[in-house]
Amino acid sequence: MVTSFCIGTRGLSRAGGTALLFAAILFAKPSAAFADDFGLRGSIEPEFRVFTQSPSSNGQRNTDLSVAGELTAKYIWDGGDQSLVATPFARLDQQDSRRTHWDFRELRYGYVFGDWEFRAGFDKVFSGVTEAVHLVDIVNQVDVIEDPVKQEARLGQPMVRLRTTQDFGAFDFFLLPYFRDRDFPGPDGRPATDIPVDRDLTRYGSAQGKRHIDGAFRYSNHFGDVDLGLSYFQGTGRDPILSPALSKNGDLVLAPLYPQIKQASIDAQATEGAMLYKFEGYWRRELGREYGAATGGIEYTLYGILGTEGDLGLVAEYALDSRGLQQRDPYENDGFLALRWTANDAASTSLLAGAVIDAETGALGFRFKGERRIGDDYRLSVEAYFFGNVPRQDPVYNIADDSYVQFRIARFF
């Protein structure tokens, strides 16, 4: 049996973490002045959620209070060519013990040599251009217990990354030596599926399990007013297949399966005056089956609306999945409409209000987010997610009774 230890509550093997540290040491170049530049910043953010509907189980409540903290420390030396970055994150939750966790969003070494950059450790990368869903963003695992509905929060991914920027575009190569499976809310958590997910029953498409070595590649470039990205990923799929099963106690649960996949994707954004045209799409091979998904749309900005300094953006997008109606992707035949207002004031005030309409089932989802800075050190944000007219066959039916309003106030230092 291999002895292991945990990084956060989600885990990293000793072998994987040691390999990344050795890689950083091997590529490090000694310098007499180690701490030429040091930076430290962070935040503390209390959060309060109010659920507008009665819970589906006895352990759940209509309110939840939690507090999160994040700290980023950065050392830069060797004339800016070498760096160390550490960003631990932690949350303490009143109701859900699974949501009480900590994680390294970043813990990496970087070395720049000429037109090349090398990174090793925990890191985060992002790909995508659309607003409603990011289909091509696949390198990092989704942090569902942090962002259960929009699913934009990501776990730090152990990786070795090599990047070069040339006149004809930027190339990124990723070696991903360890897989991080998705966490899910506990029995007292909300939003959560009606049938709980049992991570003890997790299966993998590879015999190596979490230690399967994944790989990814990305090319990106600007062609006039067009931003283009081409990506390829091969390895353990980040999106689990959840199947009914019995736990060791004989209870009905959902068992996750992470199959091996091959995925080629494209994302593009074109700017024409006040209009943005956006597109994301992928082709994927999984469990001997091939399928595709795509999303795209437009965003038109009205500058200086009603004679003010504010701008109003009008967003319209559509998402399609060739698999049709199934539980893994709620955006299988959906339209998204939204208004985005930016005040362009000293407090960075912004509002986003949108609605998702499922053309297949008629289900509705509404989202709202507002942010405003208070003084130099505080930020107030309000988010709300509501569901309506959701039939049993719709993918979001499991959380349709978990509409909520969320309040956060962050203190930065």
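Which residues form a nonpolar patch on the surface? They are Phe38, Leu40, Ile44, Val67, Leu71, Leu92 and Phe413, with about 640 Å² of accessible area together. This is a predicted model: local features need pLDDT of at least 70, side-chain atom pairs count only at pLDDT 80 or more, and totals for chains, interfaces and linings use all residues. Residues are numbered from 1 along each chain as its sequence is written, and side-chain values use heavy atoms, without hydrogens and water.

A patch here joins nonpolar side chains (Val, Leu, Ile, Met, Phe, Trp, Tyr) within 5 Å, from residues with over 30% relative accessible area and no salt bridge. Such a bridge puts a side-chain nitrogen of Lys or Arg within 4 Å of a carboxyl oxygen of Asp or Glu. Areas come from the Shrake-Rupley method with a 1.4 Å probe, and only the protein chains shown count as cover for residues.

Strands are DSSP runs (E, at least two residues), numbered from the N terminus. β1 (37-51) and β2 (63-77) each give two or more residues to the patch. The largest share, 3 residues, comes from β1. Val67 is found in β2.

Now look at the linings. The largest cavity is lined by Phe51, Arg61, Thr63, Asp64, Gln95, Asp96, Asp188, Gly189 and Arg190. On a 1 Å grid over the protein atoms alone, a cavity is a set of points where a 1.4 Å probe fits but cannot get out, and lining residues have an atom within 4 Å of a point.

Key. Patches are made of residues with over 30% relative accessible area and no salt bridge: like charges are joined within 9 Å, nonpolar side chains (Val, Leu, Ile, Met, Phe, Trp, Tyr) within 5 Å. Helices (H or I, at least four residues) and strands (E, at least two) are DSSP runs, numbered from the N terminus. On a 1 Å grid over the protein atoms alone, a cavity is a set of points where a 1.4 Å probe fits but cannot get out, and a pocket is an open set with protein on both sides within 12 Å along at least five of seven lines; lining residues have an atom within 4 Å of a point.
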